[in-house]
There are 2 protein chains.
Amino acid sequence: MAKIQSGENSTKKEAIIQKAAFLFKTKGYSATSMRELADSLGVEAPSLYNYIGSKSELLQSICSKMANEFHLNLDVVENNTATAVAKVEAIVRFHIQKMLNNFDEVFVANHEWKHLKEPMLSSFLNQRRNYEKRVMAVFENGIEKNELRITNPYVAVLTILSAVRGLEFWYGHKKNVTQEELENEMVKNLLNGIVK
Amino acid sequence: MAKIQSGENSTKKEAIIQKAAFLFKTKGYSATSMRELADSLGVEAPSLYNYIGSKSELLQSICSKMANEFHLNLDVVENNTATAVAKVEAIVRFHIQKMLNNFDEVFVANHEWKHLKEPMLSSFLNQRRNYEKRVMAVFENGIEKNELRITNPYVAVLTILSAVRGLEFWYGHKKNVTQEELENEMVKNLLNGIVK
DNA sequence: AATAAAAACTAATAAGTGTTAGTTTTGCAA
DNA sequence: TTGCAAAACTAACACTTATTAGTTTTTATT
């Protein structure tokens, strides 16, 4: 009957993943059925299996894609910025932008990872721990170089990254704040708290 | 066979709700089955219905209990603290303490509310919007009285409350940070960013 | 127009869901 | 010890779940 529509630059598999991200975000992974996903693509559920292996594979694709992108950005930041403060700002800005531009997928990676199956679950958590450590190293470096006035880098990382993650709470509210304003104001509030 | 164990100060219904909160937090509402909940209480699933009305009633109990407690605290803070800065600090500290002392239930109210059924869903979201507005009023008052240097109270509320909510991320990590240290350090980092 | 591959379909399966009905066991009061 | 209510049980229901098998339709190529 109907065909799975995919944009010019995306395969049909990618179209399925994108819709899945939207539904997983909206209803949660477990509460989203394959029939529902198929329905929203104008197709019967078994047809999806021409493109994907399983429901859990969809979740896995989303989570690992996000993990990779965040790690990749950290590589760039570590090599291309001078001061620790500049690194922190670059990291915060990337998180904010990702949050605003790839909301569905970031949200799913942040909230639905617990439904990953082993061994992907362990792998995902390992990657995340690793990411945290690398960010924390940036903060520690900032303390050594006397750029930051924080005393506990772990708490600082936790505080800042969580604050940014909280943008998901803002999403949909659509107050009279532009994306740029929000980003700048947030960076200011957060960095003011820790920069010397 | 086995009986549902309830602590000295709690009814059996409360014991069920508490275990439900733990499971809903750990596996998510949809992925938690009544059989599983019963199992963890050493009982068969239908036995639960001697004490509760339905699965969704469990979620409702948890969410509305948390909503009430946060509102109640705000009543106290509004009346019993002098400056806006003191109010902000008191709110932040309450959020942190709740997060650390009633982790399961706070987590569920924060993450699983979307599975509430109407009309409780709308009611819950209304309460939350209301809470935000009241907190925002505190910030606006702080700007008027020249106590705060923020320019956008909405972004500030978002940033601070999200940062605190991010404690869920810390929970379980058990770094070498005591609860008090964490609370004080976090309050410092956050207030430094906005207090004049 | 014929053919082969891609992609949709229908039907079915086995497992799991919340919940109800009806029955048995348990524990306490008389 | 008897009797009664509270609280457990078993069996079953009507649905929903992800997924597979097998078949038909669509699409593009020769």
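This is a predicted model: local features need pLDDT of at least 70, side-chain atom pairs count only at pLDDT 80 or more; totals for chains, interfaces and linings use all residues.
Residues are numbered from 1 along each chain as written, chains are lettered from A in the order written, and side-chain values use heavy atoms, without hydrogens and water.

I then looked up the buried area, the accessible area (1.4 Å probe) lost on putting two parts together, summed over both. Chains A and B bury about 3300 Å², with 60% of it on carbon and sulfur atoms.

I counted 2 salt bridges between chain A and chain B, each a side-chain nitrogen of Lys or Arg within 4 Å of a carboxyl oxygen of Asp or Glu. A:Arg165 pairs in this way with B:Glu168, at 3.4 Å between the closest N and O atoms.

I turned to the second largest pocket, which holds about 210 Å³ of space. A pocket is an open set of points on a 1 Å grid, with protein on both sides within 12 Å along at least five of seven lines, and lining residues have an atom within 4 Å of a point. The volume is the space filled by probe spheres set on the points; the probe is 1.4 Å.

Among the lining residues I list A:Glu14, A:Lys65 and A:Phe103. The lining divides into 4 nonpolar, 4 polar and 4 charged residues. Domain 1 (12-48) and domain 2 (59-192) of chain A each provide at least three residues, by an automatic or database assignment of bounds.

Methods:
Ala, Val, Leu, Ile, Met, Phe, Trp, Tyr, Cys and Pro count as nonpolar, Asp, Glu, Lys and Arg as charged, and the others, Gly among them, as polar.
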